[in-house]
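Work through the exercises below with the sequence and the model open. Try each task before you read its solution.

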Amino acid sequence: MTEHTHTKCEELLGSLSAYIDGDLNPELCHELEKHLAECDNCRIVLNTTKRTIDLVQTPLEKPDLPEDVRERLFKRLNLDHYLTPKPK
Amino acid sequence: MNKTTPNEISLEALIAGDRAEFARLVDEYSSPIYRLGLRMLGNPQDAEDVLQNTFLNALTHIQHFEGRSSLATWLYRIAANEALMLIRKKKPEVNLEDVEGEEEAEDLRPTQIVDWSALPEDELLSGEGKKVLDAAVNQLPESLRIVFLLRDVEGLSIKETAEALNLTETNVKTRLLRARMALREQLSAYYSERLTARSEK
């Protein structure tokens, strides 16, 4: 574990998230990419941040609504009449 | 007005009070809204309250839906409000408005610099890995968690997240960065141990 203290890294850290979202202006984007090419630590932070987001978005993270919760919801909304098996 | 979602839910029919169409809307969005409630409140009973109140509210107000945002964003907005209201009621000590030191990057400074990003998927998503991830998300402060869930879990854009939460886009971006960095730190601490364990095998 290394303490990450480079001044440039700290300046660019705030742009990392926008960079991942493709939402960074071209000038900053260029500056960040130039820095990433030289700085192992920032590259690691970028890669692991991207991976973190990927992991959270995996389908396993998205369980369906339990059937009994769905039934109570339909009843509460007076939609019992439409309570057919959920379309797949 | 003739807007339809990818699953062809007709806004026109909803506004006209078509109950069958509303039932389809419920089926389309109840899972993500329940998930959001579960992640924000941390228990199934409260999540169910958020879910029911969201659709009761939507049913009451659908006639006045003006289409300024998408139907999905409108529903997420109601759901987020319901979830935050319930948190205010149950945990009045939680600060939902401002994130302390929002403009300061200092506490974002990464301390875990280990590249675990190339670990294989089955190892990253092992039962234990999933638990660590879940716990890390649940530990985020509520004001960051809701932004993270809408943007990174449910896939809303920055603009839609801002609309749903009544925040500026800048504010959403700042909170998102903080949430992502906090999660990265937690996962890095866990996976770097896994990496060490692998190299010792």
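## Exercise 1: a helix pair in chain B

Task: find which residues of α4(B) meet which residues of α8(B).

Solution. Start on α4(B): T73(B), Y76(B), R77(B) and A80(B) make the contact. Their partners in α8(B) are E160(B), E163(B), A164(B) and L165(B). Two residues are in contact if their C-beta atoms, placed from the backbone, lie within 7 Å. Helices (H or I, at least four residues) and strands (E, at least two) are DSSP runs, numbered from the N terminus.

Next, sort the residues by class. The contact of α4(B) with α8(B) has four nonpolar, one polar and three charged residues. Here Ala, Val, Leu, Ile, Met, Phe, Trp, Tyr, Cys and Pro count as nonpolar, Asp, Glu, Lys and Arg as charged, and the others, Gly among them, as polar.

Now the geometry. Two packed helices are described by the angle between their axes and the distance between the axes. Helix α4 (residues 71-90) of chain B packs on helix α8 (residues 158-165) of chain B at about 45 degrees, and the axes are 8 Å apart. That angle makes α4(B) oblique to α8(B). Angles under 35 degrees count as roughly parallel, over 145 as roughly antiparallel, 65 to 115 as roughly perpendicular and the rest as oblique. Axes are lines fitted to C-alpha atoms, for helices over the stretch in contact, and angles run from 0 to 180 degrees between N-to-C directions.

Last, the hand: α4(B) passes α8(B) in a right-handed crossing. A crossing is left-handed if the near helix is turned anticlockwise from the far one by less than a right angle, and right-handed if clockwise.

A note on the source: this is a predicted model, where local features need pLDDT of at least 70, side-chain atom pairs count only at pLDDT 80 or more, and totals for chains, interfaces and linings use all residues. Residues are numbered from 1 along each chain as its sequence is written, and chains are lettered from A and ligands numbered from 1 in the order in which they are written.

## Exercise 2: a second pair

Task: describe how α6(B) and α9(B) cross.

Solution. Take the axes: they come within 9 Å and cross at roughly 150 degrees. The two helices are therefore roughly antiparallel to each other. Their crossing is right-handed.

Then list the contact. α6(B) gives V132(B), L133(B), A136(B) and V137(B), and α9(B) gives L183(B), Q186(B), L187(B) and Y190(B). By class, that is seven nonpolar, one polar and no charged.

## Exercise 3: the interface

Task: state how many residues of chain B are in contact with chain A, and where they lie.

Solution. Count both sides: 42 residues of chain B are in contact with 38 residues of chain A. On chain B, the elements that give two or more residues are α2 (19-41), α3 (44-61), α6 (127-139), α7 (142-153) and α9 (169-200). The largest share, 10 residues, comes from α2(B). The chain B side divides into 24 nonpolar, seven polar and 11 charged residues.

Now zoom in on S31(B), which is found in helix α2 of chain B. Leaving aside neighbours within four places in sequence, S31(B) is in contact with D64(A) and L65(A). S31(B) is partly exposed, with 18 other C-beta atoms within 10 Å. A residue is buried if 20 or more other C-beta atoms lie within 10 Å of its own, exposed if 12 or fewer, and partly exposed in between; C-beta atoms are placed from the backbone.

## Exercise 4: positive phi

Task: where do N166(B) and N78(A) lie?

Solution. N166(B) lies in the loop between α8 and α9 of chain B. Its phi is near 60 degrees. N166(B) counts as exposed, with 10 C-beta neighbours inside 10 Å.

N78(A) sits in the segment after α4 (67-76) of chain A. Phi of N78(A) is near 55 degrees. N78(A) is exposed.

## Exercise 5: confidence

Task: which helix of chain B has the lowest confidence, and which the highest?

Solution. Begin with the chain: the mean pLDDT of chain B is 88, and 91% of its residues reach 70 or more. pLDDT is the predictor's confidence in each residue, from 0 to 100. Helix α5 (residues 121-124) of chain B is lowest, at a mean of 83, and α3(B) is highest, at 97. Over residues 1-5 of chain B the pLDDT is below 50. Where pLDDT is low, the predicted coordinates should not be read in detail.
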